[in-house]
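Morning, everyone. I have one structure to go through today, so please look at the screen.

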Amino acid sequence: MKLINKCIKWFSLIVYYSFAYWLPNYDSRFFGRFANKIRVLCIKKIFEHVGKGVNIGRKARFGKGNDIRIGSRSSIGANCHVPANIHIGNDVMMGPNNHFFGCFTHNISDTTKPMVEQGFRIIEGRTEICDDVWIGRDCLFMPCVKIGSHSVVGARSVVTKDVPERVIVAGNPAIIRKKRE
């Protein structure tokens, strides 16, 4: 049974990246809804969990899709890069061109060796986007950050640390600009 599931996942990855990846965006007038249905069919076999009413934008990248969960009525914007080990809650709106760094980094502590020879290490934790979050376009997220529920991340922000609930953050680095009461 595990072998069959692995084969289905690999087949879905091939269909996604060779065909569905290139289809029009979900908000396109021509074939947008149909294209989104094809992408969602693929990710249901790839992701750990896919809620209802999900939108996956054109050219969204997620590697092999390991340990990715996306809640109901949430979207991954066009051209977004989503790493393995991310949980996206319900009702998350994500604009296009967002990039989430994976949970690993390069070792750079030994100055007697070139950095390229030092390898990398896994950072403990996962990236988490809680329920009811709006992420503007072109944002950059460092590894293993948590975006609290009911928060807004302004366009072109660089999120370097966790974002609390019910706030609006923006800037480089992103800082709290306003509380949402």
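This is a predicted model: local features need pLDDT of at least 70, side-chain atom pairs count only at pLDDT 80 or more; totals for chains, interfaces and linings use all residues.

Residues are numbered from 1 along each chain as its sequence is written, and side-chain values use heavy atoms, with hydrogens and water left out.

The overall picture, then. The protein chain has two helices and 17 strands; these are DSSP runs, H or I of at least four residues for helices and E of at least two for strands, numbered from the N terminus. Along the principal axes, the C-alpha trace spans about 50 × 45 × 30 Å. Buried residues make up 41% of the 181; buried means under 20% relative accessible area, exposed over 50%, and partly exposed in between, with a 1.4 Å probe and protein chains only.

Next, the sheet. Three strands form an open sheet in the order β7-β12-β15, with parallel pairing, where two strands pair if DSSP finds at least two bridges between them. The edge strands, β7 (99–100) and β15 (158–159), each pair on one side only. Two bridges join β7 to β12 (140–141), and H99 has L140 as its bridge partner in β12.

Now S72, in the loop between β3 (68–70) and β4 (75–76). S72 counts as buried, at 18% relative accessibility. A polar atom of the S72 side chain lies 3.1 Å from the backbone nitrogen of K52.

Last, salt bridges: a side-chain nitrogen of Lys or Arg within 4 Å of a carboxyl oxygen of Asp or Glu. The whole structure has five. One of them joins E48 and R69, with the closest N and O atoms 3.0 Å apart. E48 sits in the loop between α2 (32–46) and β1 (49–50) and R69 in strand β3, so this pair ties together parts 21 residues apart in sequence. E48 is partly exposed at 48%, and R69 is partly exposed at 29%.

Another salt bridge joins R73 and D91, at 2.7 Å from N to O. R73 is in the loop between β3 and β4, and D91 in the loop between β5 (86–88) and β6 (93–94), 18 residues apart.

Note on methods. A polar contact is a pair of N or O atoms within 3.5 Å; within protein, one must be able to donate a hydrogen and the other to accept it, and residues adjacent in sequence count only if both atoms are side-chain atoms.
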